[in-house]
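Please read these notes with the structure open beside you.

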Amino acid sequence: MDSIDRAIIDLLHWDGRMSNQELAERVGLTPAPCLRRVRRLEADGVITGYGAMLDPAALGRGFEVIVYADLVAKDLATVEAFEARLAGMPEVLELRRMFGIPDYFIRVGVADLGAYERWLTARLMGDPAISRVDSRLTMKVLKAVR
């Protein structure tokens, strides 16, 4: 991967709908070689897809909470069942199994504090696999992954 490939990736990361003509102009190529590079980056798995940026508040998910959770037991059946349940919940925006403590990092998006309390109480704390939950509310987002 050279500097032109990196420029293509950066530009498409910020605007995946950019035309090949504009992309080529911005990276200093003609359209045909630029398109070949984009197709190669896709085939190599560097570019894995294109998507729309969404407003979480407009979707009723503007209130985000970071949750740290620990499981009662760490056997494979408990872990797999817990992960499947959480991955299937629309409120769970991100789910990571961690090394060490906590067992899980969970990013939850709901409409408001009341909706979070209902989700936490009924869905997460009601899960028999859970031993401990720690919720973290964001004061201010300074930088977010785009």
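The points below concern a predicted model and take its pockets before its salt bridges.

1. The largest pocket holds about 890 Å³ of space. Its lining comprises 22 residues, and those nearest the centre are Pro-56, Glu-64, Arg-107, Ala-144 and Val-145.

2. Strands S1 (63–71), S2 (92–97) and S3 (104–110) each contribute at least two residues to that lining. S2 gives the most, with three. Sorted by class, the lining of the largest pocket has twelve nonpolar, eight charged and two polar residues.

3. The second largest pocket has a volume of about 400 Å³. It is lined by 15 residues, with Leu-12, His-13, Gly-49, Tyr-50 and Gly-51 closest to its centre. Eight of the lining residues are nonpolar, five are polar and two are charged.

4. The whole structure has 14 salt bridges. In one of them, the side chains of Glu-64 and Arg-107 meet at 3.0 Å, N to O. This pair joins strand S1 to strand S3 across 43 residues of sequence. Glu-64 is partly exposed at 28% relative accessibility, and Arg-107 is partly exposed at 24%.

5. Arg-85 and Asp-127 form a salt bridge of 2.7 Å, N to O. Arg-85 sits in helix H4 (residues 76–87), while Asp-127 is in the loop between helix H5 (113–124) and strand S4 (130–137).

6. Within it, Asp-2 meets Arg-37 at 2.9 Å, N to O. Asp-2 lies before helix H1 (3–14) and Arg-37 in helix H3 (residues 31–43), so their bridge ties together parts 35 residues apart in sequence.

Conventions:
Residues numbered from 1 in each chain as written. Predicted model: local features only at pLDDT ≥ 70, side-chain atom pairs only at ≥ 80, totals over all residues. Heavy atoms only, no water. 1 Å grid on protein atoms, 1.4 Å probe; cavity = no way out; pocket = protein on both sides within 12 Å on 5 of 7 lines; lining within 4 Å. Points joined across faces, edges and corners; volume = space filled by probe spheres on them. Helix = DSSP H or I, 4+ residues; strand = E, 2+ residues; numbered from the N terminus. Nonpolar A, V, L, I, M, F, W, Y, C, P; charged D, E, K, R; others polar. Salt bridge = Lys/Arg side-chain N within 4 Å of Asp/Glu carboxyl O. Buried < 20%, exposed > 50% of the residue type's maximum accessible area, 1.4 Å probe, protein only.
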